[in-house]
Amino acid sequence: MSDRYSPYPPDEPVIGATYPPSPPLPPSPTEPHYIGAATSVDDPESEWADAEYEDDYGDEYGEPYYNDTPARQPMFYVFIGLAALVGGIVIFLLFGLVNSRGGDNPAPAGAVKFNVAIQSPVKDKRIEIGKPEDVIIEASSTEPIVRFDLYIQDKLADTVDVKEPSPDNKYRANLKASFERKGEYNLYVKVTSASGATQQSDKLRVIAIEPVGDRPATINGKVVATVNLRTGPGENFEQVGTLTEGKIVKIIGRTTNNEWLLVDMDGGRWVKSSAIDPQDSLALVPIRQVTPTPQPPTNTPQPSPSASPSPTAAPTQNANLPDFVPTGAVAIDGGTKLRVTVSNRGATYTGPLVVAVSGVGPGTLTQAFSMALPAGGSAVADFELNPPLTTAKTAAVKLDPDNAVKETNEDNNSATFSIAAPTVEQPQIAIQAPSLTGSAVSVTIVNNGGTIEAADVTVRVKLGDAQTSQSQKLTLAKGQSATFSVTRPQGNGTATIDVVVGGQVLASTTVQLTP
């Protein structure tokens, strides 16, 4: 009986049945031939040559349903997908972490532009140890600045956080520096912007010194312009030599007004203070009382009784040359400018004139001005002061420091002037014509006076017992304006508009509220 109609598939085992050993698989044509193995399915000795077996299998099932290669289960592909996903997330997180810690300036190169400068102290300034020193910084950036850090010898010394962004991205900070031991120190300031970009200023060298208290001392000074040495503190004293520019001298005394300095040369000689740049405060130098007095010439020739002297022309000054004299210096425009007045006591002069000023800012301010000075006339030269003058100063003015213009008198080109601290100009708020825009009152204010620095400005509209207001934190310089939109209070009639700054009403007006 054939198995063709058996209820079990040919490969389904039947319990209790016996089965012959499985026939060997035919060798591959490319596989080596082993002794005793059939070489082909056509071999009559091969069990694979049984046509009946071959036909039965082929007729019943066609292609074999089994496969020697094990199938991959679906969970295998799920595992591979999850592993790829987790790996991608880890790589993304690592890339973000590396970018966020890539340095002090993670912003793209050149994306943020800075301008950072130390305004005070000046280079090589002497600072007493243990005494705090103001380090004034001015900076600007193409995005808001959030922090200033002061470093001394590459160590963080002070930090100032910026609370409010500047409308024009120009910032000013005051940090504190202090030194415990004497010596030379390099300091610089690093600014940080909102994106984390940073920029540091140039390094500035200062010198920490032992405190001297009120003890008199001698200090060094550098000659900044060629100057005459005299026997006393005045131009009417005898000239006994000159000091050339660049020479270092020891200052051993001064006059009460600091206009003349006594230097340690030939037992003590006097020079104009405007020609000397002191390396320390003149307050450390004792005031010297002047004992010598100018003496008139004593070698006047006596007339000879035997002969009459022939008349000779007395030496006169060249009447065709100018004579420049500084006659005034004053702070103007709230301390942002210094105005120097130049007078001419000689012949008319038209042309360039160099004016140098020290004592009112960092270093010496030197600028060439085009002057038109008639004989006996005067002109002014204005210097921009940055930072502005906020305290009283002593300005030393030197005209034509290089002696480029010949004058009838070269000894009166220098003078010192006391500059009073400028009076702080108060804000002056004016309210422009208010208008009704739907359910709001539009109010524009303008500042015609001193700057309002980052203050809370409130505009309120009051009608009877009803009151509405709007507040803004503003910095308003002179001439700047701001507009407020205040909700209209309930009711009709004449309403009062007040502008309140720092709790004080700086301006008021009225507006008619109509139905």
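**Entry 1: strand S3 and its partners**

I began with Ile-137 and looked up its bridge partner in S6, which is Ala-173. I kept in mind that this is a predicted model. Next I checked how S3 and strand S6 (residues 170-177) run: they are antiparallel, and eight bridges join them.

I then turned to strand S1 (residues 114-120), which also pairs with S3 in the antiparallel sense, over six bridges.

Is S3 enclosed or open? I found that seven of the nine residues of strand S3 (residues 133-141) are buried, so the strand is largely enclosed by the rest of the structure.

**Entry 2: the largest nonpolar core**

I moved on to the largest nonpolar core, which has 26 residues. Which members touch the most others? My list reads Leu-338, Val-340, Val-355, Val-357, Met-371, Val-397 and Ile-419.

I traced the elements that give two or more residues to this core, and they are strands S17 (324-332), S18 (337-344), S19 (349-358), S20 (364-373), S21 (378-384), S22 (393-399) and S23 (414-419). The largest share, four residues, comes from S19.

**Entry 3: around Val-397**

**Entry 4: another core**

Last, I noted another core lying apart from the largest one; it has 25 residues, among them Val-112, Ile-145, Val-189 and Val-206.

Note on methods: Residues numbered from 1 in each chain as written. Predicted model: local features only at pLDDT ≥ 70, side-chain atom pairs only at ≥ 80, totals over all residues. Heavy atoms only, no water. Core = buried A, V, L, I, M, F, W, Y, C linked by side-chain atoms within 4.5 Å. Buried < 20%, exposed > 50% of the residue type's maximum accessible area, 1.4 Å probe, protein only. Pairing = 2+ DSSP bridges.
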